[in-house]
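Please look over the chain shown here before reading the briefing. The notes after it are grouped by topic.

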Amino acid sequence: MLNLEKLVINQIVSELLFRSGSSAAVTIEPYFPGGRLIGGKYTLNSHCITMYTEVIKQQCQQLFGSNERVYDYFKVVLAHELGHAADVYLASLSDELDDADDERGRQIALRIEENAWENGMKWIDDIEPVFINIILDQSLAAYRQVVHYESA
């Protein structure tokens with residue numbers, strides 16, 4: 001399987017940091033600790049994004065049946081993480097999440113994820129919306145399912 005080339009990854013990171021105007025630090029690791037299929041993670045306290053390239057390859061393969069568009073996939077996930085970094089409500093939502101009961105907590109978690117997607121979408125307008133929406137819908141499916149199940 002192809003290795004995500006560092007040069008291409010670094011170009012994507014630089015491009016999206018420029019587009020977003022973000023000062024977040026971005027680090028690249030192969031796998032998310034603990035084995036979960038998480039492609040990227042934003043850490044509020046350190047204002048740092050960690051991207052997990054091997055996981056992104058796995059996700060792209062699972063969702064699209066190939067890694068032909070793995071760099072676009074990486075770009076979409078990074079834009080989402082930058083969307084967290086740009087979320088002016090993230091700190092207050094995170095504080096609220098800490099004190100919320102289970103049902104409210106799931107609603108807040110969904111709002112946090114939706115905010116990140118909304119923020120990040122404007123930095124990837126060079127990728128067709130259909131491709132992005134497949135990733136977005138997959139990303140939000142578990143959050144939406146729990147919230148809609150509880151409200152039904």
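**Briefing: helix packing, core and rings**

H1 crosses H3 in a right-handed sense; a crossing is right-handed if the near helix is turned clockwise from the far one by less than a right angle, and left-handed if anticlockwise. Helices (H or I, at least four residues) and strands (E, at least two) are DSSP runs, numbered from the N terminus. This is a predicted model, in which local features need pLDDT of at least 70 and side-chain atom pairs count only at pLDDT 80 or more, while totals for chains, interfaces and linings use all residues. Residues are numbered from 1 along each chain as its sequence is written, and side-chain values use heavy atoms, with hydrogens and water left out.

**Helix packing**

- Two packed helices are described by the angle between their axes and the distance between the axes.
- For H1 and H3 the angle is about 35° and the axes are 10 Å apart; axes are lines fitted to C-alpha atoms, for helices over the stretch in contact, and angles run from 0 to 180 degrees between N-to-C directions.
- On the H1 side the contact (heavy atoms within 4.5 Å) includes Val8, Ile12 and Leu16, and on the H3 side it includes Tyr71, Phe74 and Leu78.

**Nonpolar core**

- In soluble globular proteins, nonpolar side chains tend to be buried together.
- The largest nonpolar core holds 33 residues, and Leu16, Phe74, Val76 and Leu78 have the most contacts inside it.
- Such a core is a set of buried Ala, Val, Leu, Ile, Met, Phe, Trp, Tyr and Cys residues joined through side-chain atoms within 4.5 Å; buried means under 20% relative accessible area, exposed over 50%, and partly exposed in between (1.4 Å probe, protein chains only).
- Elements giving two or more residues to this core include helix H1 (6–20), helix H3 (70–85) and helix H5 (102–121).
- H3 gives the most to this core, nine residues.
- Apart from neighbours within four places in sequence, Val76 touches Trp117, Ile124, Ile127, Phe131, Ile132 and Ile135.

**Aromatic rings**

- The whole structure has three aromatic pairs; rings of Phe, Tyr and Trp (its six-membered ring) pair if their centres lie within 6.5 Å, and planes under 30 degrees apart count as stacked, over 60 as edge-to-face and the rest as tilted.
- Phe32 and Tyr52 are an edge-to-face pair, at 5.3 Å centre to centre with 85° between the planes.
- Phe32 is in the loop between strand S1 (25–29) and strand S2 (40–43), and Tyr52 is in strand S3 (residues 48–52), 20 residues apart.
- Phe32 is buried at 14% relative accessibility, and Tyr52 is buried at 7%.
- Phe64 and Phe131 are a stacked pair, at 4.7 Å centre to centre with 15° between the planes.
- Phe64 is in helix H2 (residues 53–64) and Phe131 in helix H6 (residues 129–151), so this pair ties together parts 67 residues apart in sequence.
- Phe64 is partly exposed at 28% relative accessibility, whereas Phe131 is buried at 4%.
- Phe64, Tyr73 and Phe131 make up one aromatic cluster.
- Arg69 lies over the face of Phe131, 3.9 Å from the ring centre; a charge sits over a ring if NZ of Lys or CZ of Arg is within 6 Å of the ring centre and within 35 degrees of the ring normal.

**Ala24 and His47**

- Ala24, in the loop between H1 and S1, is buried with a relative accessible area of 5%.
- Leaving aside neighbours within four places in sequence, Ala24 is in contact with Leu17, His47, Ile49 and Ala85.
- His47 lies in the loop between S2 and S3 and is partly exposed at 25% relative accessibility.
- Most residues other than glycine have a negative phi.
- His47 is not a glycine, yet its phi is positive, about 50°.
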